Amino acid sequence: MKSKGFTLIELAVVIAIIAILAAVAIPRFGNTTAQAERSMIKDMVSQLTSASSIYTAENASTPNGFNQFVTTNNVPAAPFTMSVSNFGTPAGNCAVAANSITGCRFSKYTNVTYTFNPGGVITVTATPAAGAPAL
(Lines give C-alpha, C1' and ligand atoms only; values in the text may rest on other atoms or scores of the structure.)
Protein backbone atom coordinates (compact mmCIF):
# COMPACT_ATOMS: atom_id res chain seq x y z
CA MET A 1 0.00 0.00 0.00
CA LYS A 2 1.45 3.32 -1.11
CA SER A 3 0.31 6.39 0.84
CA LYS A 4 0.31 9.91 -0.54
CA GLY A 5 1.57 12.93 1.37
CA PHE A 6 4.69 14.21 3.06
CA THR A 7 6.66 12.47 5.74
CA LEU A 8 7.34 14.07 9.08
CA ILE A 9 11.01 14.53 8.14
CA GLU A 10 10.12 16.38 4.92
CA LEU A 11 7.77 18.71 6.79
CA ALA A 12 10.39 19.38 9.47
CA VAL A 13 12.99 20.28 6.82
CA VAL A 14 10.60 22.71 5.08
CA ILE A 15 9.65 24.36 8.38
CA ALA A 16 13.33 24.69 9.31
CA ILE A 17 14.13 26.37 5.97
CA ILE A 18 11.22 28.81 6.38
CA ALA A 19 12.35 29.62 9.93
CA ILE A 20 15.91 30.34 8.75
CA LEU A 21 14.65 32.60 5.97
CA ALA A 22 12.38 34.47 8.40
CA ALA A 23 15.24 34.89 10.89
CA VAL A 24 17.33 36.52 8.18
CA ALA A 25 14.58 38.66 6.61
CA ILE A 26 12.83 40.12 9.67
CA PRO A 27 15.84 42.06 11.05
CA ARG A 28 16.60 43.46 7.58
CA PHE A 29 13.11 44.91 7.12
CA GLY A 30 12.14 45.55 10.71
CA ASN A 31 13.66 49.04 10.95
CA THR A 32 12.61 50.47 7.58
CA THR A 33 10.28 53.07 9.14
CA ALA A 34 13.08 54.48 11.28
CA GLN A 35 15.45 54.54 8.29
CA ALA A 36 12.87 56.36 6.16
CA GLU A 37 12.18 58.94 8.88
CA ARG A 38 15.90 59.42 9.45
CA SER A 39 16.34 60.14 5.74
CA MET A 40 13.37 62.52 5.82
CA ILE A 41 14.86 64.46 8.75
CA LYS A 42 18.20 64.75 6.96
CA ASP A 43 16.37 65.87 3.81
CA MET A 44 14.71 68.63 5.83
CA VAL A 45 18.17 69.90 6.82
CA SER A 46 19.08 70.02 3.12
CA GLN A 47 15.87 71.89 2.32
CA LEU A 48 16.48 74.39 5.13
CA THR A 49 20.03 74.94 3.90
CA SER A 50 18.74 75.53 0.38
CA ALA A 51 16.06 77.94 1.63
CA SER A 52 18.74 79.83 3.56
CA SER A 53 20.87 80.06 0.41
CA ILE A 54 17.91 81.27 -1.64
CA TYR A 55 17.15 83.89 1.01
CA THR A 56 20.76 85.07 0.80
CA ALA A 57 20.59 85.31 -2.99
CA GLU A 58 17.23 87.14 -2.96
CA ASN A 59 18.13 89.62 -0.21
CA ALA A 60 21.90 90.02 -0.66
CA SER A 61 22.37 89.28 3.04
CA THR A 62 22.54 86.16 5.15
CA PRO A 63 19.54 85.37 7.35
CA ASN A 64 19.82 85.73 11.11
CA GLY A 65 17.45 82.88 11.85
CA PHE A 66 14.74 80.55 10.62
CA ASN A 67 11.99 83.13 11.14
CA GLN A 68 13.27 85.00 8.09
CA PHE A 69 12.69 82.16 5.63
CA VAL A 70 10.42 79.59 7.33
CA THR A 71 6.71 79.99 8.03
CA THR A 72 4.25 77.99 10.12
CA ASN A 73 1.53 78.53 7.50
CA ASN A 74 0.63 75.75 5.11
CA VAL A 75 1.45 77.94 2.13
CA PRO A 76 4.83 79.67 1.84
CA ALA A 77 4.57 83.47 1.96
CA ALA A 78 7.16 84.13 -0.74
CA PRO A 79 9.24 82.13 -3.21
CA PHE A 80 12.13 81.85 -0.75
CA THR A 81 9.98 80.91 2.26
CA MET A 82 9.27 77.29 3.14
CA SER A 83 6.51 75.89 5.32
CA VAL A 84 7.03 73.58 8.30
CA SER A 85 3.71 71.84 7.65
CA ASN A 86 5.54 68.67 6.53
CA PHE A 87 8.33 68.60 9.13
CA GLY A 88 6.70 65.84 11.12
CA THR A 89 3.50 64.03 11.88
CA PRO A 90 0.88 65.20 12.52
CA ALA A 91 1.46 67.97 10.02
CA GLY A 92 2.16 71.44 11.34
CA ASN A 93 3.21 70.47 14.86
CA CYS A 94 6.52 72.35 14.74
CA ALA A 95 7.12 75.78 16.27
CA VAL A 96 9.37 78.26 14.47
CA ALA A 97 11.57 80.60 16.51
CA ALA A 98 14.50 82.74 15.44
CA ASN A 99 17.19 80.10 15.92
CA SER A 100 15.23 76.86 16.19
CA ILE A 101 12.36 74.80 14.86
CA THR A 102 11.13 72.64 17.73
CA GLY A 103 8.40 70.18 18.57
CA CYS A 104 8.63 68.16 15.37
CA ARG A 105 7.89 64.49 15.81
CA PHE A 106 7.67 61.34 13.79
CA SER A 107 6.63 57.84 14.77
CA LYS A 108 10.22 56.75 15.53
CA TYR A 109 11.76 60.13 16.47
CA THR A 110 10.48 62.72 18.94
CA ASN A 111 11.77 66.10 20.09
CA VAL A 112 13.22 66.77 16.64
CA THR A 113 14.90 70.17 16.79
CA TYR A 114 16.52 72.01 13.91
CA THR A 115 18.98 74.68 15.10
CA PHE A 116 20.17 77.66 13.07
CA ASN A 117 23.78 78.48 13.85
CA PRO A 118 25.79 81.56 12.86
CA GLY A 119 26.78 81.43 9.21
CA GLY A 120 23.69 79.44 8.25
CA VAL A 121 24.89 76.04 9.42
CA ILE A 122 21.85 73.98 10.39
CA THR A 123 22.05 71.10 12.86
CA VAL A 124 19.41 68.63 13.98
CA THR A 125 18.87 66.65 17.18
CA ALA A 126 16.20 64.09 18.00
CA THR A 127 15.23 61.48 20.56
CA PRO A 128 15.00 58.07 18.86
CA ALA A 129 12.43 55.51 19.96
CA ALA A 130 13.60 52.17 21.28
CA GLY A 131 15.42 50.32 18.51
CA ALA A 132 15.68 53.32 16.18
CA PRO A 133 19.20 54.42 15.23
CA ALA A 134 20.49 57.79 16.39
CA LEU A 135 20.69 60.59 13.88
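A residue is called buried when its relative accessible area is under 20%, exposed when it is over 50%, and partly exposed in between, using a 1.4 Å probe and protein chains only. Keep that scale in mind as we walk through this structure. The model is a predicted one: local features need pLDDT of at least 70, side-chain atom pairs count only at pLDDT 80 or more, and totals for chains, interfaces and linings use all residues. Residues are numbered from 1 along each chain as its sequence is written, and side-chain values use heavy atoms, with hydrogens and water left out.

Let's begin with the overall layout. The chain has two helices and six strands, where helices (H or I, at least four residues) and strands (E, at least two) are DSSP runs numbered from the N terminus. Reading from the N terminus, the order is α-α-β-β-β-β-β-β. The chain has 135 residues, and 27% of them count as buried. A contact means heavy atoms within 4.5 Å. Among contacts in the chain with a separation of 6 or more, 40% are between residues 24 or more positions apart.

Two strands pair if DSSP finds at least two bridges between them. Strand S4 (residues 100-104) and strand S5 (residues 109-116) run antiparallel and are joined by three bridges. Ser 100 has Thr 115 in S5 as its bridge partner, and a hairpin of four residues connects S4 to S5. S5 also runs antiparallel to strand S6 (residues 122-128), with six bridges joining them. Five residues lie between S5 and S6 in their hairpin, and Gly 119 in that turn has a positive phi of about 90°.

Leaving aside neighbours within four places in sequence, Thr 113 is in contact with Ser 100, Ile 101, Thr 102, Thr 123, Val 124 and Thr 125. At 19% relative accessibility, Thr 113 counts as buried.

Pro 128, in strand S6, counts as partly exposed at 31% relative accessibility. Not counting residues up to four places away in sequence, Pro 128 touches Lys 108, Tyr 109, Pro 133 and Ala 134. The C-alpha atoms of Pro 128 and Asn 111 are separated by 8.7 Å, and the two residues are 17 apart along the chain.

Finally, turn to the aromatic rings. Rings of Phe, Tyr and Trp (its six-membered ring) pair if their centres lie within 6.5 Å; planes under 30 degrees apart count as stacked, over 60 as edge-to-face, and the rest as tilted. By this rule there are four aromatic pairs. Tyr 55 and Phe 69 make one that is tilted, at 6.5 Å centre to centre with 40° between the planes. This pair links distant parts of the chain, with Tyr 55 in helix H2 (residues 32-59) and Phe 69 in the loop between H2 and strand S1 (70-71), 14 residues apart. Tyr 55 is buried, with a relative accessible area of 10%, and Phe 69 is buried too, at 0%. Ring pairs link Tyr 55, Phe 66, Phe 69 and Phe 116 into a cluster.
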